[in-house]
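Good morning, and thank you for coming.

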Amino acid sequence: MNVTQGKQHQVVVALFWSLAQNWGGRALSFVLFLVLARLLNPADFGLAALVAFILLLLSSIAEFGFGDALIQRRTLEPADVTLPFFCSFAASVLLAVLIALLAPHIERWLDVKGLAPLLTAASLALPIGTATLFQEALYKRQMDFRVLAVRTMVATAVSGVVGIACAYAGFGALSLVIQVVVQSAISGLWLWSQPRWLPMRGYDLKSFRELSGYSVHVVLNRLLDFAIVRTIDMIILSLYGIAALGIYTVGARVYLILMQLLTQAVMDVALSALSKIAHERDRIAGAYLRSVSLGALIGSPVFVLLAAIAPEFSLLLFGAKWGGSEAVMRPLMLIGAVQTVQFVNSAYFGALGKPNYVFLLNILKCCTVVPAMFLLPSRDIGQLATIFAFSQLVVTPVTFALALRMLGLSWSQFLRPIAGCLCAIVLAYGAVVLCREATPGMNPYLRIGLLSSCFGVTYLTGLLLFWRRQVLSLIDFVVKRGATA
């Protein structure tokens with residue numbers, strides 16, 4: 001096997017295990033989530049969502065973006081990791097202590113009864129998670145996703161069983177917090193028992209400054225993204241209460257799981273793989289067009305299908321007590337159909353050493369989405385979710401324009417490969433709308449099968465009519481790469 005074939009084989013194997021980690025772990029997590037949704041009520045999920053909001057914000061600050069910086073760096077010595085690790089770990093310990101001490105004050109400030117003990121318990125996960133992130137980044141850098149995949153499955157399964165047991169015992173929202181802490185502890189113990197790096201005395205100050213130059217863009221981008229995505233949580237809490245936040249959390253869960261399933265596995269491998277070919281402009285431009293085409297072919301129709309059958313799908317998954325979650329699910333799924341194509345841009349920006357592009361785009365998105373949610377009127381969480389979702393479309397053409405300019409591609413080169421697929425998706429969505437109107441009063445569980453079949457048949461027919469050549473080309477590419485690997 002020559003060097004090029006060896007690299008291709010490494011990427012394929014890494015992608016397989018990354019898919020196993022993300023798809024297997026997320027799928028198992030989602031099944032456990034469904035069980036917990038049947039055992040707990042909207043207020044419990046609202047409390048847990050608020051705790052997750054605070055914990056995610058603090059973890060984004062504590063890690064300082066060093067994980068991505070370590071993955072992206074062309075050469076890395078053990079001493080390069082020392083200062084980033086100790087700075088991040090110290091920050092996470094300090095923030096955990098502060099959140100535990102200030103928990104009663106935060107509960108009074110937000111006027112959410114029962115929040116303080118949940119925050120205190122959840123603070124344990126912060127330093128554990130930060131330490132784990134460094135080992136995880138080094139595993140990803142070496143494209144060793146097998147250990148990560150096994151770790152994810154074991155940690156998810158064990159923590160899920162513990163969470164369900166606590167829910168049965170009547171722990172309420174605390175069940176979800178205990179689940180997170182147990183999962184974080186198992187993940188940390190698993191990776192640190194097979195470390196890719198161990199703390200040492202030696203450090204490299206020059207390397208630390210270089211890593212900081214990259215990581216500052218990563219962490220600022222995460223904070224902006226956090227503000228864009230999580231501001232809606234605080235608006236719902238202030239306008240509609242903790243139970244409404246729980247319903248929104250459940251309605252948005254399917255969207256978030258799908259985005260993670262369809263994007264995270266590829267992103268984990270892409271940043272490492274693309275960084276190695278960033279200097280080959282023709283090759284990376286070709287990879288970009290194939291990435292976009294695959295996203296349109298596989299990801300977008302899944303999101304649009306779930307948007308089309310949202311009422312039936314929500315009832316089937318969560319039950320009648322989660323009524324209103326379908327109004328959240330539909331707009332998020334529709335915007336997800338765009339994002340599953342758009343998400344590849346950030347991987348290419350990072351691989352080409354332009355994380356500041358993502359930061360600038362998130363500033364633009366923040367300046368659009370946040371004011372829209374505050375200024376445009378909404379009568380319920382469904383309307384607010386619609387405003388949140390579609391206000392994000394403002395930044396979409398700008399994102400693609402930057403990516404195309406950086407890669408030396410034209411709009412026609414970008415649109416030509418995906419136009420037929422988009423036509424097929426639109427036709428399939430319209431067919432579902434007509435089919436629902438033609439079957440009033442039908443049992444929702446029977447209707448979901450009928451509507452899904454209608455979508456699938458129409459979509460495949462549309463592909464044969466509008467996109468046959470591109471589909472065959474993508475299949476041929478994937479088969480050849482698999483044979484070469």
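Angles between axes under 35 degrees count as roughly parallel, over 145 as roughly antiparallel, 65 to 115 as roughly perpendicular, and the rest as oblique. This is a predicted model, in which local features need pLDDT of at least 70 and side-chain atom pairs count only at pLDDT 80 or more, while totals for chains, interfaces and linings use all residues. Residues are numbered from 1 along each chain as its sequence is written, and side-chain values use heavy atoms, with hydrogens and water left out.

I begin with helix α13, residues 325–342. Its 18 residues should span 26 Å at 1.5 Å a residue, and the end C-alpha atoms are 25 Å apart, which agrees. At G336, α13 bends by about 30°. Of the 18 residues, 13 are buried (under 20% relative accessible area), so α13 is largely enclosed by the rest of the structure.

Which way does α13 run relative to α16? The axes of α13 and α16, residues 381–391, come within 8 Å and cross at roughly 10°; the two helices are therefore roughly parallel to each other. Contact (heavy atoms within 4.5 Å) involves residues including P331 and L332 of α13 and A385 and F388 of α16. By class, this contact has 11 nonpolar, 2 polar and no charged residues.

I turn now to a second pair. The axes of α5, residues 115–122, and α8, residues 173–192, come within 9 Å and cross at roughly 10°, so α5 and α8 are also roughly parallel to each other. Here L118, A121 and A122 in α5 meet A173, L174, V177 and V181 in α8. That contact has 7 nonpolar, no polar and no charged residues.

Definitions and conventions:
Helices (H or I, at least four residues) and strands (E, at least two) are DSSP runs, numbered from the N terminus. The expected span of a helix is 1.5 Å times one less than its number of residues. The bend at a residue is the angle between axes fitted to the seven residues ending there and the seven starting there. Buried means under 20% relative accessible area, exposed over 50%, partly exposed in between (1.4 Å probe, protein chains only). Axes are lines fitted to C-alpha atoms, for helices over the stretch in contact, and angles run from 0 to 180 degrees between N-to-C directions. Ala, Val, Leu, Ile, Met, Phe, Trp, Tyr, Cys and Pro count as nonpolar, Asp, Glu, Lys and Arg as charged, and the others, Gly among them, as polar.
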